[in-house]
Amino acid sequence: MRKLKARTELSRKRAAAAYTLIELMITVAIVGVLAAIAVPAFNGYLQRARVTEATSFLADISQKQETYRAEYGTYCAVDGQGFGAYTPAALPAAGTLNSWPVNDGNWSQLNARPDGPVRFQYSTIAGLPGQAPPAGTGLNPNDFWFMSRAQGDLDNDGNLLQVEAYAGSRTLWVSEAKGWE
């Protein structure tokens, strides 16, 4: 009888130390809810971090354009007057990086080059007084102007995110009506 009583007490202690199936299911459900909240938030932070490349390089381009104008009296028209050519030529796929070309044309003249491989394509156009800037930019057609653009498809959904910088402005314009998706 004593042995049976001792075994019963031992079984109770083990049962008290173990988890029930319901407790385990509740824990899994809580972890699932937390993951459902955390993953989209993390993806949003990741996309914003990737856009930092574009904003940083566009700020560098703007600074180089102002330096170029101080030295030569005009902005450097890296890609002429229309956004037709981008550097690098191929749009990087989501999650990948493209190398900046060695022979980068007028980018060398502007002395603008990213620090390493890029997630975006870049283009810079410029004009003289009397040359019409792109519509909707607010640039003065009676003054020297430039406009720089970075474009990339960060989530591989076919919608391009564009970031633009303008002459005489310290703010950037970001296009993506749908948010970070």
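Let's start with Leu 24, which lies in helix α2. Helices here are DSSP runs of H or I with at least four residues, strands are runs of E with at least two, and both are numbered from the N terminus. What you're looking at is a predicted model, where local features need pLDDT of at least 70 and side-chain atom pairs count only at pLDDT 80 or more, while totals for chains, interfaces and linings use all residues. Residues are numbered from 1 along each chain as its sequence is written, and side-chain values use heavy atoms, with hydrogens and water left out.

Leu 24 counts as partly exposed because its relative accessibility is 48%; buried means under 20% relative accessible area, exposed means over 50%, and partly exposed is in between (1.4 Å probe, protein chains only). Together with Leu 21, Met 25 and Val 28, Leu 24 forms a nonpolar patch on the surface, and the four have about 440 Å² of accessible area together. Patches are made of residues with over 30% relative accessible area and no salt bridge; nonpolar side chains (Val, Leu, Ile, Met, Phe, Trp, Tyr) are joined within 5 Å, and like charges within 9 Å. The areas come from the Shrake-Rupley method with a 1.4 Å probe, and for residues only the protein chains shown count as cover.

Now step back to the whole chain. There are three helices and four strands, and along the sequence they run α-α-α-β-β-β-β. Of the 181 residues, 31% count as buried. The chain exposes about 11,400 Å², with carbon and sulfur atoms supplying 58% of it. Of the contacts (heavy atoms within 4.5 Å) with a separation of 6 or more, 56% are between residues 24 or more positions apart.

On to the inside. In soluble globular proteins, nonpolar side chains tend to be buried together. A nonpolar core is a set of buried Ala, Val, Leu, Ile, Met, Phe, Trp, Tyr and Cys residues joined through side-chain atoms within 4.5 Å. The largest one has 20 residues, and Trp 107, Leu 110, Phe 120 and Tyr 122 touch the most other members. Two or more residues each come from α2 (21–72), α3 (106–110) and β3 (161–166), with α2 giving the most, six residues. Leaving out residues up to four places away in sequence, Trp 107 touches a list that includes Phe 57, Ile 61, Val 78, Trp 100 and Tyr 122. There's also a second, separate core of nine residues, among them Tyr 75, Ala 126, Leu 139 and Phe 146.

A search of the whole structure finds eight aromatic pairs. Rings of Phe, Tyr and Trp (its six-membered ring) pair if their centres lie within 6.5 Å; planes under 30 degrees apart count as stacked, over 60 as edge-to-face and the rest as tilted. Phe 57 and Tyr 122 make an edge-to-face pair, 4.7 Å centre to centre with 85° between the planes. This pair links distant parts of the chain, with Phe 57 in helix α2 and Tyr 122 in strand β1 (residues 121–127), 65 residues apart. Phe 57 is buried at 5% relative accessible area, and Tyr 122 is buried at 0%. Tyr 122 also pairs with Phe 120: the ring centres are 6.5 Å apart and the planes are at 50°, so this pair is tilted. Phe 120 is buried as well, at 0%. Phe 57, Trp 100, Trp 107, Phe 120 and Tyr 122 form one aromatic cluster.

Next, the charges. Side chains of opposite charge can pair when their charged atoms come close. A salt bridge here is a side-chain nitrogen of Lys or Arg within 4 Å of a carboxyl oxygen of Asp or Glu, and the count comes to two. Arg 69 meets Asp 143 at 3.7 Å, N to O, which joins helix α2 to the loop between β1 and β2 (145–152) across 74 residues. Arg 69 is partly exposed at 25%, and Asp 143 is partly exposed at 32%. Glu 164 forms a salt bridge with Arg 149, their closest N and O atoms being 2.7 Å apart. Glu 164 sits in strand β3 and Arg 149 in strand β2, 15 residues apart. Glu 164 is buried at 4%, and so is Arg 149, at 14%.

Finally, two backbone details. Most residues other than glycine have a negative phi, and most peptide bonds are trans. The peptide bond from Thr 87 to Pro 88 is cis, with omega near -10°, and Pro 88 is found in the loop between α2 and α3. Asn 111, in the loop between α3 and β1, has a positive phi near 65°. Asn 111 counts as exposed, since its relative accessibility is 53%.
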